[in-house]
Number of protein chains: 2
Amino acid sequence: MNKDQIESLIPLLKEKNLRVTPQRIQILTTLIDMNGHPTAEDIQKRIPIISLATIYNNLKLFVELGIINELPYGNGLSRFEFSQSNHYHVICESCGKIADINYPELTEIEEMVANLTGFSVNNHNMEVYGKCQECIEKG
Amino acid sequence: MNKDQIESLIPLLKEKNLRVTPQRIQILTTLIDMNGHPTAEDIQKRIPIISLATIYNNLKLFVELGIINELPYGNGLSRFEFSQSNHYHVICESCGKIADINYPELTEIEEMVANLTGFSVNNHNMEVYGKCQECIEKG
DNA sequence: CTATTTGCAAAGCATTTGCAACAGT
DNA sequence: ACTGTTGCAAATGCTTTGCAAATAG
């Protein structure tokens, strides 16, 4: 995801009678600039002009629109990333940082689970837990 | 995990100067009786004599002792289960219910991720998302 | 007898909401 | 103009904590 691609999201907003406000553009741009998995607070530190309520409300909106994903793992703070398929996450148990893993998707498990449990299956996630290099160095 | 096995946990408590109170026994027994993945509130509905604070405090304690696991997925409510390895979860996106999946553990991914990311890896989880039979029937 | 535990009420923290002022389109 | 959006302050909902009274060992 890069800055030009934000423009491709504008029609999506207009289609639903949602407005293209400077706050929305800044939140998406900041998400790109931080190119990781920031919390709502992380984003607000970068753009303190925008109220936390607006950041939360818009993150929630973007999740509903499918533009971004919410990652509720860890210590009660959600983290956000642009939607993309085919990747899993490693989570640092010390600092909560999340990194992407490129690993071939385990597609076969979904059908397996549907047969085994009677659930209708939509998707799946995997998270690997450990300690990031920074936290290892800090002890 | 069955009721007799609760007794095997008692020495673990005594070892750490923790007391075997009726509340602790009842919370563990209730977790067994519900044999699923209840929330703190679910447990309290079954044993309303015990205060929610005590339930939360003891669940937290049991997690620290490694007796149970906390499953923080979904909408801000944690669910709890007895510790056991080699299983993943299916989660109903409508009602939040969690069920176990028996699926061979994907051990190889942990080493892969350690090499790929520089994290020291401790463990991993997988959750499959969908709709449970009950919720499918309800529409 | 002594240190731990209970349970109430209050605090904490991330997130959401009500509402009046504001701003896209 | 019309309707969606912002942002403050207050509310919410889950979880934790302070502290006095109760209790396990």
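Visitor: How much space lies in the second largest pocket?

Guide: This is a predicted model. Among the residues that line the second largest pocket, Glu70(A) and Tyr129(B) are two of the closest to its centre. The space in the second largest pocket is about 770 Å³.

Visitor: Which elements give two or more residues to the lining of the second largest pocket?

Guide: Its lining holds 34 residues. They divide into 14 nonpolar, 15 polar and five charged. The elements that give two or more are strand S1 (68–71), S3 and S5 of chain A, together with S3 of chain B.

Visitor: How much space lies in the largest pocket?

Guide: The lining of the largest pocket has 47 residues. Nearest its centre lie Gly74(A), Tyr129(A), Glu70(B), Pro72(B) and Tyr73(B). The space in this pocket comes to about 1,200 Å³.

Visitor: Which element gives the largest share of the lining of the largest pocket?

Guide: Several elements give two or more residues to this lining. From chain A they are helix H4 (52–65) and strand S3 (88–92). From chain B they are strand S1 (68–71), S3 and S5. The largest share is five residues, and it comes from H4(A).

Visitor: How many residues of the lining of the largest pocket are charged?

Guide: Sort the lining residues by kind. There are 18 nonpolar and 21 polar residues. The charged ones number eight.

Visitor: Over how many bridges do strand S5 of chain A and strand S5 of chain B pair?

Guide: Each of these strands covers residues 120–131. They pair in the antiparallel sense. The number of bridges is 11.

Visitor: In which sense do strand S3 of chain B and S5(B) pair?

Guide: Strand S3 of chain B covers residues 88–92. Val90(B) stands opposite Val128(B) in S5(B). The two strands share four bridges, and their sense is parallel.

Visitor: What pattern does chain A follow along the sequence?

Guide: Chain A has six helices and five strands. Its C-alpha atoms fill a box of roughly 45 × 45 × 25 Å. Read along the sequence, the pattern is α-α-α-α-β-β-β-β-α-β-α.

Visitor: Is Ile50(A) buried or exposed?

Guide: Ile50(A) sits in the loop between helix H3 (40–46) and H4 of chain A. Beyond its neighbours within four places in sequence, it is in contact with Gln23(A), Gln26(A), Ile27(A), Gln44(A) and Ile55(A). Buried means under 20% relative accessible area. Ile50(A) has 4% relative accessibility, so it counts as buried.

Visitor: How far apart in space are Ile50(A) and Arg24(A)?

Guide: Start with the sequence. There, Ile50(A) and Arg24(A) are 26 residues apart. In space, C-alpha to C-alpha, the distance is 9.8 Å.

How values were computed. Residues are numbered from 1 along each chain as its sequence is written. Chains are lettered from A and ligands numbered from 1 in the order in which they are written. This is a predicted model: local features need pLDDT of at least 70, side-chain atom pairs count only at pLDDT 80 or more; totals for chains, interfaces and linings use all residues. Side-chain values use heavy atoms; hydrogens and water are left out. Two strands pair if DSSP finds at least two bridges between them. On a 1 Å grid over the protein atoms alone, a cavity is a set of points where a 1.4 Å probe fits but cannot get out, and a pocket is an open set with protein on both sides within 12 Å along at least five of seven lines; lining residues have an atom within 4 Å of a point. Grid points are joined across faces, edges and corners, and a volume is the space filled by probe spheres set on the points. Ala, Val, Leu, Ile, Met, Phe, Trp, Tyr, Cys and Pro count as nonpolar, Asp, Glu, Lys and Arg as charged, and the others, Gly among them, as polar. Buried means under 20% relative accessible area, exposed over 50%, partly exposed in between (1.4 Å probe, protein chains only). Contact means heavy atoms within 4.5 Å.
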